[in-house]
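Here are a few friendly notes to read alongside the model. Please keep the structure open as you go through the points.

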Amino acid sequence: MCKKFYEYDRCVTIFHYDKWYKFFIAKEDNYYLPKGFGLPANSTDIELPNQELPKGQIYVFENGEWIVKEDTFPRVKLIEENYIYSEECLAKQFQIESYSLFEMPQYEAIERFTNPELQSPIIVARYLSIQYEFMDILKFHEKNIKNLLNSKQFLLEENLVIIYRLRTEGLILSIRKLFDELVQLTYITCYKNSFDTNKKIEMDCIGDLFITKKDSIYPCCKQILIGDGIDYDKDNTEFLKTINKLFNSIKHSVLHYEAMLLYSDIPNVVSFYKDRNKFSSNDVLFFNHSLFQIMFGFQSNFKRIIKNQKKFLLSIK
């Protein structure tokens, strides 16, 4: 069917249909089309019939018209995950926190390779830098994203939405990097003798905390980094697991690109994820996390882990 273009701006009612099977998805009123723009992909302005269909049937767009078919079409099932540090934490309560270098633990050196006197200042600086990175994202969202409430604005600002998503992506990568460093330093601190023998950091990222085999061999790392609620302060919000899953989705999921044009009036980070990119089922994880909740969890868990590391060092003196 020939695609129509108009020499003037207009608002139309459009009907979205599935890209693959053409079944009806949704109606959208007052969709803004600038001069020279055609209808979005997988949509039509041909009215849906008024006839109410019996259960088990659905309208399908074929050959320029709506026809009725039995609804046996497969559909993606989104399973949404939201990280909540605390329902009581309000956005306006967020404040940038610094951390004193003099409160950092004394880490073990890897002979001939690492300098603990350099590691601690960088960790403290990274902790502060991530918070400033977050504040920059908030300003960008407030200026460019928050008020994108209709199709007219979105068509004009699509690139800004992508830039915003890339920035939220970068924030998660920065957070993951900091906690990976804390995992590595915790391993060296707890298992220095083992390292001196094997010459290898056996737990070097937060993902290793959730591998049962490693957890059983190096339990001290999990006690310090996740906590046990007895000897070491525990995180009950699963922050590290959330960051690990989100990072894996950003890094590995072929579906992550599908989330790059999503936006909301509240700053968030989003991603679609299929574990190990296996598509044998219709289930898709949808990570949709408030950036404020993520940052409250970030601050809390950084301070908790440093406290636990210091407690461990005191226990072995």
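1. How many disulfides does the count come to? With a disulfide taken as a pair of cysteine sulfur atoms within 2.5 Å, the count is zero. Cys 190 is in no disulfide, although the sulfur of Cys 220, the nearest cysteine sulfur, is 3.2 Å away.

2. A word on the source: this is a predicted model, where local features need pLDDT of at least 70 and side-chain atom pairs count only at pLDDT 80 or more, while totals for chains, interfaces and linings use all residues. Residues are numbered from 1 along each chain as its sequence is written, and side-chain values use heavy atoms, with hydrogens and water left out.

3. Are Cys 190 and Cys 11 buried or exposed? Buried means under 20% relative accessible area, exposed over 50%, and partly exposed in between (1.4 Å probe, protein chains only). Cys 190 counts as buried because its relative accessibility is 16%, and Cys 11 counts as exposed because its value is 51%. Across the protein, 43% of the 317 residues are buried.

4. Now for a helix pair. The axes of H1 (residues 116-145) and H3 (residues 158-190) come within 10 Å and cross at roughly 160°, so H1 is roughly antiparallel to H3 (the label for angles over 145 degrees). Axes here are lines fitted to C-alpha atoms over the stretch in contact, with angles from 0 to 180 degrees between N-to-C directions. The residues of this contact divide into 16 nonpolar, six polar and six charged.

5. Finally, the overall dimensions: the C-alpha trace spans about 80 × 40 × 40 Å along its principal axes.

Conventions. Helices (H or I, at least four residues) and strands (E, at least two) are DSSP runs, numbered from the N terminus. Angles under 35 degrees count as roughly parallel, over 145 as roughly antiparallel, 65 to 115 as roughly perpendicular and the rest as oblique. Ala, Val, Leu, Ile, Met, Phe, Trp, Tyr, Cys and Pro count as nonpolar, Asp, Glu, Lys and Arg as charged, and the others, Gly among them, as polar.
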